[in-house]
Structure formats: structure tokens, C-alpha cells
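User: Hello! I am new to this structure and would like to learn how to read a few of its features. Could you walk me through them?

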Amino acid sequence: MREKAIEKIPYLTLPGTDPDGRVEYIGRTVWQNIGHERHIILEVYKNDRDSMQVPVVRYAATKEDWGVYYPETGHWSRKRIDSYFFGTGMCWYDEMINRHVTWGEMQEENRLYSAEDLSRIRKFFGTKIWKEERWWEYFSRNEETVKQKRTERKMERKRSRIAERDRNTPALDEERLLKWADAKIFRQRHYLYYKKRGRYADLCCSACGGVYSGAWKEGESYESGFGRSVREPREGQMGRCFLCGEYGIYKPQGKVKNAHMATEHVFLVDRYLENGAVARYIELRKEWQLEKECGAKGPEMCGACEKIEGIEVARTYYLPGKKVHTDFHKHDPYSGKDFWDDCNLYGLANIYIGEAEVYPASYRNLKGTFLQYSALKEYAAVKRRLNVNRYLERYIQFRQIEMLVKLQMYKVVEDVVSHGGGIIKNPAADRADRFLGIKKDRVRLLMEEQGDIGMLRVLQKEKEMEQNWSRQQAKCLREIGAGDKDIGTALEFMSVQKLLNNISKYAGCSYGTGCTAAEERLKAVAGTYIDYLQMRRANGYDLNNTVYQKPRNLGGAHDQMAAEQEKNKIDDRLKKVEERFPDIRRHYRKLRNRYFYEDDTFVIRPARSAEEIVMEGRKLHHCVGGNSYLEKHNKGESYILMLRFKNMQETPYITVEIRGRDGYVQQWYGMHDKKPDEENMQRWLDKYTAWLKYERFDAGNRTETDKAAQVLTAAG
């Protein structure tokens, strides 16, 4: 769509308005050749004298495209004609729902200027519609046709790309793959099915399919020693076939209802085009089938067989400088055919590519490709099962993975492959120490630990803090999980060795024992001790004092610091609310004269200050101390009242929120948002609100408070 050329075309204008007051919009059309292509231009004008020169919207269409131009804003859009209501920007259906517009009303409200406009539209599109009064359907159907053609072209390009990838993918050497899988993946697993008959047993071998019988228990007669003897079959144990000599797993005949199978997966990497690669995710299935026939005494074994097959599940294509594409193998149940598609399934049917072994021929196939130095072979030899797709994608992103694998930092590689580059400090670096953010002389130590992530974090922290720790200290710090803890506060007042000694003393464990329980104990104590030091410092204590550095009871000292820190937070909160809500304290005396009430058991009064409201919420563990309640009390919208026992007036019992304009109780709660003695307390509060109504709010107009007086009398 040539937007600039269309904008330069002068407006058609509207020669005159339609006198019919029901008409809202009037459309005019014209044919125009733009860029050697015939266009139809529709301009929609508001049926108003002031809107005759500039249209509300200009709509341009060809047989292959369309566009909408808004003169008021100068913007173009790809809205469809049934997605806006002639410039109002509202959906037709929404408009009809909101205004209850019928089709007849729409036809009356939206008309063309003349019959020539309708003829021009009809000739341009060459289609038929049900009712020409709805002339906009010509444009709508053209949009549908254009959209459908674009979708078909897009799908055709997609199918062409998938077919091209399929043509260039090497044929699968299935025979050799299945032979390897049977030997290496399934370990040539066979079954010996059996059924015992006294001291005899009938056996059937899945490897050769032969059926034979033998005695697994010695007989009492002399002749019984000359028969065929077999080992006693027991489920799950190994036995050897008397006929073919293959070993198999004993499985009772009665537990084999149908064919049973085992499923595994394998990755096979092939060369693709000149220097690309394709990683094929293959599902391997081995099936064992026991054949039975009806005998005189029930089902009898007559043979067995086994079958192995491979099915390609997905293919992932890698080309230098190109986006990675994955094609999935699907089945069409309607046509009964298999096909390849470049989008996955949805929901529970989603095709999942997990970890699997790598077919050894893959490493030979990678030679000559841009992934030949990915170190996949070395990493797979250690990991054995891995997600090849994820590994190769990470290698394309971080070519330094090859270096890390050859330095035997396998755990670092595993973290990068599984979780991305979060552990990496400098993705552009070409040296291991710079890439990982550690000191150069620490690379060997990390190699000895096979790239342990805990050790890596400790070494990264050593460089960040500009420290120089010994190898033993680094290993001890890894054991307490120092890489994930903020040890900077502790090291400001003590050496790293003193920190380690204190943690070991409190934990009662030594470093380097290899005991999992001891390591977890050291980590837990280290967290508590470091947290204690940080809170001690935050509370204003001087940590140069060794008494503070080494408390006798670490747990008790930690709890004490936590309590002090909480107190400091509370004090800070009280100071802030006092400054923000000063009117609560200022108006207390006036509110007390209005709301104070007592009897023989209870007393109720307004809050003295914002600080008292905050403490009320903390002591009773509810939300009354929030800023919203304080704000309403400060403005007089509602007030917070304290209801307490008369003989314990400083002990919180119930908190009441009462409306300021009429004394209506909005809510009341006690400890933990519960209502203690709810029935009696509600009756007491009803009596209190009736007293307020009768004695305070409407004291000068007794005729309007008769109901309140009755309630007060009834409450007694």
C-alpha cells in the first residue's frame, strides 16, 4: 500500500448533506491508479455541514491489500472495516450491543452518496453479497479474501522450508542405530517366561522363541535323575535359556497379559548442508510378546518374540549465523499420515525433548561443521545423559564452553547449560578467569573441584572483595556456603580464619569431614552467626568488642538482636505516624467528650494518638495500625475507639471503628481478628451506639431519636 501517494490525493468532499436525520455517515468512492495498480478509495463523511470538506476516514483497497487513513491524526492502520464503525474506532458488534442497533438501523445510518458509488464498488470487487444496502460487506469480503490468501502463502512458504530441510537431512541408518541401541541402551534385555507345575517348569525364551520344560527340583525316583534339569525360576532373577544360551530375566506367565515394552531416547547428530548440523531426537522402543494358545489346562506358552524400533520425534537444525529451528514429527489421524511441522503441540500433548544418551557416530558427523569444537564428546563422556539441543544452543551463545569442558569444569558447564549465563561475569572474555570473574591463580583450584558452583561463588567473592585466601580457607568457605552469604560485615572486624573458627566452634563440627550432616550444620550456623553480626552492627554496637563478636549463646544473642531490631523498626514507625497524623493527638480531648462511655464492666474511649493506634494493632495482631485507618481518623471520616475492661484500662481488648458522621459502628475485632464473647459484646455495642444517638448526636431533637431511646431502654 503506497501510503504517501494516497495521502496526496485531494479529498472528494461531500457536495451536500443528507436531509434524512437518521443518516450518521455518508460514503463516497473513486477509482484511482496508483503505482500501475487499480485502487478503490472510500471516504466516509459525517452527515454534518461542518464535516463536508474532510472525511472522518479514508479507506483504500486493492485485490491484494487495504489500509485505513485517519485525516484528523494523520495515522494509518490495518483495521478491518468490521473492526471500526466508520471512524468512531468502535467495533460494530460492541456498538450494536451498547446502542441496541439493529441491521436495519445500521443500513439507515450508513449510506453511500449516490448509486454510482455502489456500482463502482460492485464492479471493482466483482463479488455478490446478500443485501446491497449493507454495501460495506464488499470491503469486508475482500479483506477476508486477502487475509486468506496471505495465510495460504505463509503456510506454503512454511511447508516449503520444512520440505527443504527434510530433503537435505541425511537418511537415518536405522539398522545400525537399532543394533547399537539393543546392545547399549537396552543391554540386550531378554525374558524367560515360566510356569511351574510341581517340581517341573515350562519356559519360553523371548530371544529365540523356543519353548521347553525342565525339572527345577530333584525327584525321589532313580529315573528322575536322567531328565532335563533347570534352575528354579524366580521372578526378577537372571536365568539362561537351555536352547540358545542367552541370558534373560525370569517373568511368570500369569503376569504377562499383553505385549510389554520399554522406551528410551537417544540423540543423533548429523551433518546438515555444507557446515551445519541437525540434532535428531529419537524414541527407541523394545517390545516383548509372549504367544499363548488354549491348552487342556488353560493358556499354554507356544512361543515368544521381541522387536525393537526407532521413531524420530524432533529435529533441531543449526546453521552458522541462522536462527535455530526445531521440526516436530506429528501424525494426522484423519489422513493417517505422518508429517513434519515447525510448531509444537499444546497442553499435555506437548512434545518434550529431555535428556538422553548420544549416539557415538554423532561425534564423527560433527567434524567439518561449525560445531566441531563444541566439546560435546568430552562433556557427554562425563555427563552420559544430556539435552544435546540445549548444550549446542548454549555453545553457540557462549563459545567458551569448549574451554570450560577441556578444563574439566563440568559443573560450571552444567549450570550454564541448564540455567543460562547467570554465573558468567564477562561473556566476551577469552580466558577462564576473566570469563568466570575469578583470580588467574584460582583456575587450578576450580579445576580440582570440577567447577563446583559453591567454590566458584566463593572465588568470585574473593576477587570482588579484593581478598587473598588460602586454598584451605577457600574450601572451608565453600563448605559453609559463603558464596551465597554476605560475609563483608564480618570481615571488617575479624580475619577470615577467625570467622571460620568461630563458626566451627558454635557448630561443634570440623571442616573437611565429608559428612553431609556436618556440612549442613556448618551452613546453618554460619547463616545465623553472620546474620547476628549484621544485626548487632545495625543496632549500633561496636563489633571491635570481642564480647559482641563471640557471644556465649549464639541462638539467644541472635534472638535478642532480632528483638532490638524490631523495636527500632517500631520506634521508627511510631515517629513517622506521629509526624504524619498530628490531628489525632490534637483532637483527642474533643473526641473524648463525645465518645467516652463506661459502665460497671467496660470503658470505651477514642485513641489518644496515632502511636497508640499502631501499638493497638501490633498487640492485638490486626490491621488497625495501617495508614488507611490512621488517615480516616485524622480526617474525621471514622474514628478508632478502644474498648477495655474497666479494671484493666491499659490492656487492649477490643478495637472499634465508628463512623464520624452518625456514630455507626463499622467493625470491631479483638485478638487475631476474632470477636471475643461476640453475642454479649455486640449487645453492649448496640447499647453504646443507641446511647450515642440519644445523648450525643441528636440531643436537641428528641422526636428523631425515639428509636434510639427504645434501643437504649431495651439494652437496659
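User: Where does lysine 286 lie, and is it buried or exposed?

Analyst: Strands are DSSP runs of E with at least two residues, helices are runs of H or I with at least four, and both are numbered from the N terminus. Lysine 286 belongs to strand β13 (residues 276–295). Buried means under 20% relative accessible area, exposed over 50%, and partly exposed in between (1.4 Å probe, protein chains only). At a relative accessible area of 2%, lysine 286 is buried. This is a predicted model, where local features need pLDDT of at least 70, side-chain atom pairs count only at pLDDT 80 or more, and totals for chains, interfaces and linings use all residues. Residues are numbered from 1 along each chain as its sequence is written, and side-chain values use heavy atoms, leaving out hydrogens and water.

User: Which residues is lysine 286 in contact with?

Analyst: Contact means heavy atoms within 4.5 Å. Leaving aside neighbours within four places in sequence, the contacts of lysine 286 include Asp182, Phe186, His260 and Glu306.

User: How do I read phi at threonine 13?

Analyst: Most residues other than glycine have a negative phi. Threonine 13 is not a glycine, yet its phi is positive, about 65°. Threonine 13 sits in the loop between α1 (3–8) and β1 (25–33) and is partly exposed, with a relative accessible area of 24%.

User: What about leucine 273?

Analyst: Leucine 273 also has a positive phi, near 55°. Its place is the loop between β12 (260–272) and β13, and it is partly exposed at 44% relative accessible area.
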